[in-house]
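Dear colleague,

Here is the structure I said I would pass on. My notes on it follow below.

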Amino acid sequence: MALDCRSNWEVQMQVRTIQARSINRSTLTHTAVSQEEVSRVIDSPKPPTKPIHLPDEIIIHILEYLAALPDAQTSLASVCLLSRQYYSAAIVFLYRQPVLYGKNFDPFTRAICPSINLHVRRSPLSKLVRILDLGRLVHQGSKSVTARLLGRTKEHLEYFRAPQASFAVNCLPALAKCQSLRTLDLSLVSESPPLADLLRTVARIESLLYLSLPRSSGFGVHSRPTAFAWPGKLEHLALSGGIDDHFSRGVVAFPATLRSLTLEHCPHAKGFAVTHLLRTAVQALPRLEEVRIAYMPRLSSHALDSILLLLPQISKLSISVDYITPAMFDESHFNHKSVAPLAVFEAQGFEPDRPQITEDKGVFSHAHLRTLELTNSGNPSVDDKISPIDIMLAIDDNVLPALRVVRVAKSLEWQGSALADETEALADALVEASKADWDAKQGRSTATRGEDPGLVRPWEKWAGVWTFDG
């Protein structure tokens with residue numbers, strides 16, 4: 001019969017005791033132990049063993065590792081069935097970040113909202129939800145169900161990603177009460193509520209740090225600047241949707257607390273409008289560190305060549321090569337764009353400030369840019385617009401003295417045979433510059449050679465040229 005480890009050890013010890021008693025000490029000869037005696041020892045009743053009790057702190061520590069696994073939801077649900085102690089510890093992790101899709105959405109809704117009216121029946125599980133990601137849902141649920149979920153989980157909800165088809169204006173009252181919300185992602189919403197109402201609602205969430213507006217949102221000519229408000233602590237903003245020429249005329253003023261700005265999926269935005277937006281509303285942001293621009297189909301092939309001159313404060317730039325040329329590293333080319341679109345605004349009494357171009361054509365230097373990310377928006381024949389040698393020349397000319405990391409989409413084929421040598425040379429230059437920064441910080445001379453190859457080199461972990469899917 002199958003025994004556990006402790007019972008096997010006890011039986012083995014008893015069998016050894018019987019064998020020891022059967023030894024003839026005078027002749028040192030062994031007497032055979034009968035099978036019946038061994039069976040009697042095995043079949044004898046054992047005292048019941050008490051289950052091992054683990055403190056709650058140890059169980060919670062184990063569940064923290066379990067919750068980080070890809071299939072954590074299934075495992076945590078199984079742990080809840082072990083005992084009351086394990087249920088009390090695992091239920092918190094199970095409902096903290098539920099993975100919701102079409103099949104399990106209705107059971108989750110019934111668990112969080114057992115009744116339509118909150119005062120009829122409350123669910124203690126609603127207070128456990130911290131992350132509510134409905135991005136995998138398409139036609140499941142309804143707008144009223146989404147509003148009900150926001151109303152039940154509002155107390156401790158920190159992250160909310162809206163579904164594609166079931167988020168509407170009736171969700172705004174419940175959304176305004178989520179005072180612990182830090183991230184609000186509305187990028188998948190196909191039918192946006194009125195933008196002024198949405199921003200007024202969002203402005204009431206004082207803890208909000210990240211906001212991504214719907215792709216269907218629009219800024220019309222009749223919009224008033226006073227109709228738009230932002231949360232007081234907003235640091236990350238993603239704009240998409242109906243940004244048109246009127247948006248560039250000062251309809252919206254961004255909050256001074258912004259640290260990153262994303263402009264993508266704006267089918268109506270033209271090059272001169274985006275350029276003026278960067279020059280007026282974005283350039284004045286003192287804390288801005290990161291800018292991302294991609295998927296802007298109406299921008300020309302050189303629409304954003306002046307972005308480095310317009311945004312001297314950023315340390316990270318992610319931009320699609322569809323809208324830039326090597327001229328972005330050459331100050332003498334910043335005034336190559338046509339002034340016809342700006343003349344249209346001037347005829348309407350609007351005079352944007354033009355960038356100040358110095359007479360000396362070799363003094364431009366972007367002293368803060370440390371990370372440059374080159375992406376591809378899917379347009380054909382753009383993989384050779386920017387090459388590693390263009391960035392090498394910019395570094396040699398002191399245009400990008402602080403650049404240490406270059407991230408490139410694999411679709412640009414920098415790792416191919418044609419550009420492999422140039423890419424390796426650029427990576428070596430970035431690593432060498434990062435090593436010089438490290439040596440200067442540590443107070444050592446960069447000329448020191450003969451270091452141990454086994455030493456950890458922190459600068460090699462992040463500096464260089466890196467590729468990513470895209």
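Glu290 is partly exposed, because its relative accessible area is 30%, and its salt-bridge partner is Lys316. The model is a predicted one. The closest N and O atoms of Lys316 and Glu290 are 3.8 Å apart. Lys316 lies in strand β10 (residues 316-320) and Glu290 in strand β9 (residues 290-294), so the pair links distant parts of the chain, 26 residues apart. Lys316 also counts as partly exposed, at 25% relative accessibility.

Salt bridges elsewhere

A search of the whole structure gives 12 salt bridges. One of them joins the side chains of Arg161 and Asp185, at 3.6 Å from N to O. Arg161 belongs to strand β4 (residues 159-161) and Asp185 to strand β5 (residues 183-185), so this pair ties together parts that are 24 residues apart in sequence. Asp185 is buried, with a relative accessible area of 11%, while Arg161 is partly exposed at 25% relative accessibility.

Another salt bridge is formed by Arg259 and Glu235, with 3.7 Å between the closest N and O atoms. Both residues are in loops: Arg259 sits between β7 (236-239) and β8 (260-264), and Glu235 sits between β6 (210-212) and β7. The two are 24 residues apart, and the pair links distant parts of the chain. Arg259, with a relative accessible area of 29%, is partly exposed.

There is also a network of salt bridges, which links Glu264, Arg292, Glu373 and Arg407.

Helix packing

The other item is a pair of helices, α3 (residues 56-67) and α5 (residues 84-96). Their axes come within 10 Å and cross at roughly 40 degrees, so α3 and α5 are oblique to each other. The crossing is right-handed. On the α3 side, the contact is made by Asp56, Ile59, Ile60, Leu63, Glu64 and Ala67. On the α5 side, Gln85, Tyr86, Ala89, Ala90 and Phe93 take part. Sorted by class, the contact of α3 with α5 has eight nonpolar residues, one polar residue and two charged residues.

Regards

Note on methods:
Residues are numbered from 1 along each chain as its sequence is written. This is a predicted model: local features need pLDDT of at least 70, side-chain atom pairs count only at pLDDT 80 or more; totals for chains, interfaces and linings use all residues. Side-chain values use heavy atoms; hydrogens and water are left out. Axes are lines fitted to C-alpha atoms, for helices over the stretch in contact, and angles run from 0 to 180 degrees between N-to-C directions. Helices (H or I, at least four residues) and strands (E, at least two) are DSSP runs, numbered from the N terminus. Angles under 35 degrees count as roughly parallel, over 145 as roughly antiparallel, 65 to 115 as roughly perpendicular and the rest as oblique. A crossing is left-handed if the near helix is turned anticlockwise from the far one by less than a right angle, and right-handed if clockwise. Contact means heavy atoms within 4.5 Å. Ala, Val, Leu, Ile, Met, Phe, Trp, Tyr, Cys and Pro count as nonpolar, Asp, Glu, Lys and Arg as charged, and the others, Gly among them, as polar. A salt bridge is a side-chain nitrogen of Lys or Arg within 4 Å of a carboxyl oxygen of Asp or Glu. Buried means under 20% relative accessible area, exposed over 50%, partly exposed in between (1.4 Å probe, protein chains only).
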